[in-house]
Amino acid sequence: MASVRGGVYGWLDRQRFDVLGAIVGLVIAVGMLPIRLVVTNIYVVGIPVAIGIASGLYLLSVRNEDTESYPTLPLWAGRALPSVVLLGMALLVAIGFLQNGRSVIFYSLAILVGVALFAQILFVDDRDYAPLLVLAQVLALAFVIRIVALRTMPGYVGIDIWSHIPTYSASILEAGSLAPIADNKYYASPLFHLLIVGTSLLADLSVRSAAHVSIGLAMVLAIPFVYLAARLFVAPRWALFGAAVYAVSGYAVEWGIHLIPTTLGLVFFLAILYLLCRLLYVDTGLHTFTLLLVLSIATILTHQISSFIVLVMTGAGLLAHIALQFDLLAPRQNVSQVRSNARDSANLTGLLAFDLGFLTFMWSLTPHYGSTFLEIMFTFFYGSIVEAEGIFDPAGDREIDPDAPPLETTFVQDLVVYLDALAFLVPFLLTVVGCLFILRRRNVSHATFMCASAVVLMCVFVFAFPIAGVRTFVPSRWYAFMIAPMAVLGAIGIAHLSRTVRPAGVFAILLVLTLVLPGLAFAGSNGTIDQPAFEDTQTRYSYTASELAAVETGGEIITINETAGERIYTDHPYNTVFSRLGAAGAEAAQQGETTMAYDVIVHRDYLGDGAAFTQDEWGRAVTDDLSRDQLCGTDRHSAYDNGEVTMCVATWDTEAAAEELELEDEEEGPIDDGEP
């Protein structure tokens with residue numbers, strides 16, 4: 001038995017693990033193709049395809065070593081591109097503010113500017129390459145596409161932000177203490193709200209502008225951490241590519257305009273990612289470890305999910321350390337220099353133990369739903385496991401009537417689904433190439449193994465757990481975090497392909513990335529939640545001045561007895577603004593005869609030409625276009641109508657009530673801080 005084991009070990013010892021990994025990747029990709037028969041999630045279906053393509057590319061690349069350079073741009077074109085990008089960004093600002101938002105014209109121009117920027121990153125000759133100038137352009141583009149969304153939309157963009165800024169932060173500012181959120185889970189994690197309140201006091205700004213200046217700007221200024229992390233492993237060109245991929249990623253843009261504690265947690269995460277890579281790759285010592293501790297504490301005091309993700313990444317570093325103790329992964333020369341050493345182990349173990357202990361302590365003190373956050377999370381997690389009926393069981397989903405007809409989708413709806421999936425799958429493909437590259441013994445490093453392990457573990461939380469029916473960890477929040485180590489590994493992967501694939505092949509790959517990545521960024525759903533590129537298909541999570549005025553006025557003129565179960569019924573996400581601002585409890589309306597039982601229904605014009613959600617008669621969320629009469633019926637009175645929003649009531653009490661509503665046609669501005 002020992003000889004057999006020794007024979008297998010000896011055979012493995014002579015193999016290239018990167019090549020074996022690519023072969024295994026192809027086998028997995030082919031073997032997982034039937035999964036589409038039982039799973040409809042486009043990401044789960046697309047990941048095996050991405051793995052297969054990446055493995056095939058890598059196997060083609062290992063046949064060559066250090067090929068001749070690929071074609072680059074002429075000298076005049078390389079020198080002109082920075083001016084083109086700068087001019088394009090100036091036009092983006094002008095168009096955005098003239099059109100009061102990011103329109104289709106804005107997105108079209110942003111795609112062209114993005115193409116020019118990626119062309120500059122990937123195709124300018126080394127003799128004319130200026131990394132700092134390119135990095136400045138990456139940051140400037142990231143700033144422009146975010147600031148236009150933040151400053152042109154009345155109110156706020158997103159859902160949770162309506163609780164965090166105009167409610168929690170404004171209340172803390174007014175009270176001068178954390179008393180207004182004493183029963184909220186953010187009472188134990190108040191750093192986000194305190195930063196906004198502090199900025200508001202120091203700079204004499206409204207809470208809305210303070211959030212833009214502090215959290216919004218910090219999100220842009222954190223992007224260089226991705227560049228610095230990638231720069232530890234690859235040349236400036238490819239590190240800039242990784243930073244640009246992250247900067248324009250729809251997941252990162254989403255949290256750059258939907259400013260909630262997740263955003264600040266993401267800022268800390270990017271800094272921690274770089275410091276961990278630096279600690280494990282350069283071994284800078286105590287000051288780096290101290291900074292890691294401070295940022296870990298800051299994350300725990302900011303957001304629960306973000307702190308758990310940091311814990312997962314730290315655990316990934318420890319797993320990578322354990323893996324590197326096996327001689328099979330170590331190079332034949334300088335083993336002691338490459339293998340993760342005892343100091344790495346002590347640092348990671350200490351950091352992981354501290355994070356876990358402090359996080360457990362804080363969660364045990366955090367109020368949540370009348371108990372503690374720790375207890376509630378364990379209850380939710382246990383409940384989701386018990387309720388799940390097996391693999392592929394969508395635990396917690398609303399039960400659908402078996403007689404309900406299947407929902408039909410349009411071509412544009414299908415197109416948007418594929419665009420959103422590709423926005424993740426293209427960076428994931430490059431990540432797989434990077435992971436295969438670091439499997440080769442001579443390319444082994446603890447830092448890159450940590451990034452790869454972090455991506456794998458995050459994929460488990462994002463994809464595997466939901467398939468098993470466990471959604472306690474809110475997988476939709478993980479994408480923006482996962483894209484960061486993916487951008488670092490993707491930079492390593494594309495750097496490898498540029499050296500090993502034949503020039504014509506490299507040129508084709510880089511050209512496709514240059515043309516595709518900006519389009520996916522500015523046409524996908526995540527990065528355009530303020531004003532979608534496909535208005536009839538992608539849901540808009542921002543509101544006009546008239547829609548916000550209706551929330552304020554509706555809360556004043558309509559009396560809702562919430563203790564008796566009364567609600568305002570409207571579309572989603574409009575209902576969340578009513579609920580989170582305290583105007584009245586609100587829910588998504590159900591179409592058909594059910595609406596006849598509702599006391600108050602709010603219809604906005606967006607329901608007739610946008611992608612707002614209501615429920616069909618089987619309780620499914622749909623985006624059907626609905627007129628006022630279709631939602632409210634023809635027998636209801638109009639208690640309020642400002643031209644865009646109509647509030648329908650079942651009864652009309654007195655003529656005096658009608659006389660008090662002569663303000664119906666008045667134009668009212670944003671309700672959050674009175675800014676023009």
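Modeller: Buried means under 20% relative accessible area, exposed over 50%, and partly exposed in between, with a 1.4 Å probe and protein chains only as cover. This is a predicted model, in which local features need pLDDT of at least 70 and side-chain atom pairs count only at pLDDT 80 or more, while totals for chains, interfaces and linings use all residues. Residues are numbered from 1 along each chain as its sequence is written, and side-chain values use heavy atoms, with hydrogens and water left out.

Biologist: Why is L497 called buried?

Modeller: The relative accessibility of L497 is 3%, and the cut-off is under 20%, so L497 counts as buried. L497 belongs to helix α21, residues 479-500; helices are DSSP runs of H or I with at least four residues, strands are E runs of at least two, and both are numbered from the N terminus. The C-alpha atom of L497 is 9.6 Å from that of L430, although 67 residues separate the two along the chain.

Biologist: What makes R127 and D125 a salt bridge?

Modeller: A salt bridge is a side-chain nitrogen of Lys or Arg within 4 Å of a carboxyl oxygen of Asp or Glu. For R127 and D125 the N to O distance is 2.9 Å, so the pair qualifies. R127 has a relative accessible area of 73%, which is over 50%, so R127 is exposed.

Biologist: How many salt bridges does this rule give?

Modeller: The count is 12.

Biologist: How do you know that E587 and R567 form a salt bridge?

Modeller: Their closest N and O atoms are 3.6 Å apart, so they fall within the 4 Å limit. E587 sits in strand β4 (residues 586-588) and R567 in the loop between α23 (545-557) and β3, so the pair ties together parts 20 residues apart in sequence. E587 is partly exposed at 36% relative accessibility, and R567 is partly exposed with a relative accessible area of 24%.

Biologist: Where do R604 and D571 lie, and why does their pair tie parts together?

Modeller: The side chains of R604 and D571 meet in a salt bridge at 2.9 Å, N to O. R604 lies in strand β5 (residues 600-604) and D571 in the loop between β3 and α24, so the pair ties together parts that are 33 residues apart in sequence. R604 and D571 are both buried. They also belong to a network of salt bridges with R540 and E547.

Biologist: What makes β8 and β9 a pair?

Modeller: Two strands pair if DSSP finds at least two bridges between them. β8 (residues 637-641) and β9 (residues 645-649) are joined by 4 bridges and run antiparallel. Y640 stands opposite M647 in β9. The two strands form a hairpin with 3 residues between them, and G643 in the turn has a positive phi of about 100°.

Biologist: Which other strand pairs with β9?

Modeller: β5 pairs with β9 in the antiparallel sense over 5 bridges. V600 has V649 as its bridge partner in β9.

Biologist: Why is β9 called largely enclosed?

Modeller: Of its 5 residues, 5 are buried, so the rest of the structure largely encloses β9. V645, M647 and V649 point one way from β9, and T646 and C648 the other way. In a regular strand the side chains alternate between the two faces of the sheet.

Biologist: What makes the backbone at N100 and D204 worth a note?

Modeller: Most residues other than glycine have a negative phi, and most peptide bonds are trans. N100 is not a glycine, yet has a positive phi of about 55°; N100 is in the loop between α4 (75-98) and α5 (104-123). D204 is likewise not a glycine and has a positive phi of about 55°, in the loop between α8 (191-203) and α9 (207-221). D204 has a relative accessible area of 70%, so D204 is exposed.

Biologist: Which residues does a cis peptide bond join?

Modeller: H572 and P573, with omega about 20°. P573 lies in the loop between β3 (568-570) and α24 (574-580).
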